[in-house]
Amino acid sequence: MKVAIQGIQGSFHQQVAHQYFDETIEVVECKTFKDVAKQLAKNEVDFGIMAIENSIAGALLPNYALIDTYQFNVVGEYYLKISLNVMALHGQKIEEIQEIHSHPIALLQCAKFLEKHKHIKIVESNDTAIAAKNIFENQTKGVAALAGPTAAVIFNLEILAPEVQSVESSITRFMILEKEITNYQSKKINKASLKFQLDDTPGSLATVLNVLHNCKLNVTKIQSLPIIETPFHYSFFIDVVFDKYPHYEKAKKVMELMTKQFKVLGEYPLGNQI
């Protein structure tokens, strides 16, 4: 089995790939999330994994767009507690660090720590683990990476400051994607990701939410994304959780009539709870 991830060995996406599936899978490393989408669209891999939201930094809107554009199926989700650590070559102190390299979302999650160390220049990288790998390969002093503890072990770096995320319980939600659904069992399904558009009518969104409530569905996430072709109009992405699949089926039929461009992005089991 091949699974495409954004990042390299030691990245959080790699952790999720092995924890969600198992250690026997072949992980295909990609530089960007768009590269992950291309690999999956071309059937070069069986699954793709994309981070979709973080409890501190919020939603990754471009990934919503990729999932929608490529018409991927969300077949699962995984929640990972994020531990971000400042790491560099051995024998250095935090006062000697002039630059910190990491992924933009990781940097956002550590805003409070970075604010306390104004002497350090912030440099964005494609991936947390890539930042660590570059320091190791180039043996660069005065530069640190912001990454997970696995990266420190793999690339033989010393953790100068552990757990520097702004909130201790930083959690990222990842979506497991498939081009074509190969194993569907409605009995195990208790969560769904949906997309729709609405007429420019007052109260239209509230009406949809009332339908979901009346059908005994719990809305756990709602996210809007601008429609590029129509300025100041939006698509809505929502996640719903339900106890009984027939309740969800009823709500889905009503929403198909009430909304425009209605699409089921995925129906899957509720992910691991942290």
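Visitor: Which residues does Valine 86 touch, not counting residues up to four places away in sequence?

Guide: Contact means heavy atoms within 4.5 Å. In this predicted model, Valine 86 touches Ile94, Ile100, Phe113, Ala144, Ala145, Leu146, Glu158, Ile159, Leu160, Ala161 and Val164, leaving aside residues up to four places away in sequence. Residues are numbered from 1 along each chain as its sequence is written, and side-chain values use heavy atoms, without hydrogens and water. Because the model is predicted, local features need pLDDT of at least 70 and side-chain atom pairs count only at pLDDT 80 or more, while totals for chains, interfaces and linings use all residues.

Visitor: How many residues has the largest nonpolar core?

Guide: A nonpolar core is a set of buried Ala, Val, Leu, Ile, Met, Phe, Trp, Tyr and Cys residues joined through side-chain atoms within 4.5 Å; buried means under 20% relative accessible area (1.4 Å probe, protein chains only). Here the largest has 55 residues, and Ile49, Val86 and Ile100 have the most contacts inside it. A second, separate core of 19 residues includes Val211 and Ala251.

Visitor: Where do α8 and α9 meet?

Guide: Thr207, Val208, Val211 and Leu212 in α8 meet Ala251, Val254, Met255 and Met258 in α9.

Visitor: And why is helix α1 largely enclosed by the rest of the structure?

Guide: In α1 (residues 12-20), 7 of the 9 residues are buried, so the helix is largely enclosed. Among the buried ones are Phe12, His13 and Val16.

Methods:
Helix = DSSP H or I, 4+ residues; strand = E, 2+ residues; numbered from the N terminus. Buried < 20%, exposed > 50% of the residue type's maximum accessible area, 1.4 Å probe, protein only.
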